[in-house]
Amino acid sequence: MEETEEEKKDEADYKRLHSFPLIRHSDMPEEMRVETMELCVTACEKHATNNESAAKMIKETMDKRFGSSWHVVIGEGFGFEITHEVKNLLYMFFGGSLAVCVWKCS
């Protein structure tokens with residue numbers, strides 16, 4: 001059974017919509033926020049089936065670029081309450097329902 005042109009367009013729109021990162025909250029400076037968001041997207045795409053590996057990649061990269069003590073949580077359906085350094089928090093969604101939270105705590 002062949003897909004119609006309309007079904008292909010709908011699927012492409014769905015993929016584009018759900019692969020675009022959505023920042024829910026961030027107090028990072030603009031440059032750091034953009035770099036962190038791009039890193040999160042890259043890690044989640046590279047390790048699409050392994051959130052632990054994606055989190056490790058993000059944490060190690062953030063530690064190298066912005067100093068140590070970064071923490072990363074990736075997953076679906078979790079709650080959190082954290083203490084973080086001011087101007088060092090990013091909370092975003094990617095790929096539909098995958099949440100990524102990155103923060104620094106000394």
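A residue is called buried at under 20% relative accessible area, exposed at over 50%, and partly exposed in between, using a 1.4 Å probe and protein chains only. The structure described here is a predicted model, in which local features need pLDDT of at least 70 and side-chain atom pairs count only at pLDDT 80 or more, while totals for chains, interfaces and linings use all residues. Residues are numbered from 1 along each chain as its sequence is written, and side-chain values use heavy atoms, with hydrogens and water left out.

The protein contains three helices and four strands, where helices (H or I, at least four residues) and strands (E, at least two) are DSSP runs numbered from the N terminus. Along the sequence these elements follow the pattern α-β-α-α-β-β-β. Of the 106 residues in the protein, 30% are buried. Contact is defined as heavy atoms within 4.5 Å. Among contacts with a separation of 6 or more, 58% are between residues 24 or more positions apart.

The four strands form an open sheet in the order β1-β3-β4-β2, with antiparallel pairing; two strands pair if DSSP finds at least two bridges between them. Strands β1 (22-26) and β2 stand at the edges with a single partner strand each, so one side of each has no neighbour in the sheet. On average, and with direction ignored, neighbouring strands of this sheet are turned by 15° against each other. Angles run from 0 to 180 degrees between N-to-C directions, and axes are lines fitted to C-alpha atoms, for helices over the stretch in contact.

Strand β3 (residues 89-94) is joined to β1 by four bridges, and the two run antiparallel. In this pairing Leu22 stands opposite Phe93, and Ser26 has Leu90 as its bridge partner. The pairing of β3 with β4 is also antiparallel and extends over six bridges. Leu90 stands opposite Val102 in β4. The two strands β3 and β4 form a hairpin with three residues between them, and Gly95 in the turn has a positive phi of about 65°. Five of the six residues of β3 are buried, so this strand is largely enclosed by the rest of the structure.

Helix α2 lies across β1, β2, β3 and β4 and runs at about 40° to β3. Helix α3 packs on the sheet by touching β2 and β4, and its direction makes about 155° with that of β2.

Helix α3 (residues 51-66) has 16 residues and reaches 22 Å from its first C-alpha to its last, close to the 22 Å expected at 1.5 Å a residue; the expected span is 1.5 Å times one less than the number of residues. Its buried residues are Ala54, Ala55, Ile58, Thr61 and Met62. Seen down the axis of α3, these residues fall within an arc of 140°, so they line one face of the helix; the arc is that of the directions from the helix axis to the C-beta atoms. The buried residues of α3 pack against α2 (30-46), β2 (70-75) and β4 (98-104). The face turned away from the buried side carries the exposed residues Glu52, Lys56 and Lys64.

At the N-terminal end, α3 is capped by Asn50, which has a side-chain oxygen 3.1 Å from the backbone nitrogen of Glu52. The helix is followed by Gly67, whose phi is positive, near 90°.

Two loop residues were considered in detail. Asp27 has its place in the loop between β1 and α2 and is partly exposed, with a relative accessible area of 21%. Not counting residues up to four places away in sequence, Asp27 touches His84, Glu85, Val86, Lys87, Asn88 and Leu89. Asp27 and Leu89 are 62 residues apart in sequence and 5.8 Å apart in space, C-alpha to C-alpha. The side chain of Asp27 reaches the backbone nitrogen of Leu89 at 3.0 Å, and a polar atom of that side chain lies 3.0 Å from the backbone nitrogen of Lys87.

Asn88 is found in the loop between β2 and β3. With 10% relative accessibility, Asn88 counts as buried. Beyond residues up to four places away in sequence, Asn88 touches Asp27, Met28, Met32, Trp70, Val102, Trp103 and Lys104.

Methods
Polar contact = N/O pair within 3.5 Å; in protein donor to acceptor, adjacent residues only side chain to side chain.
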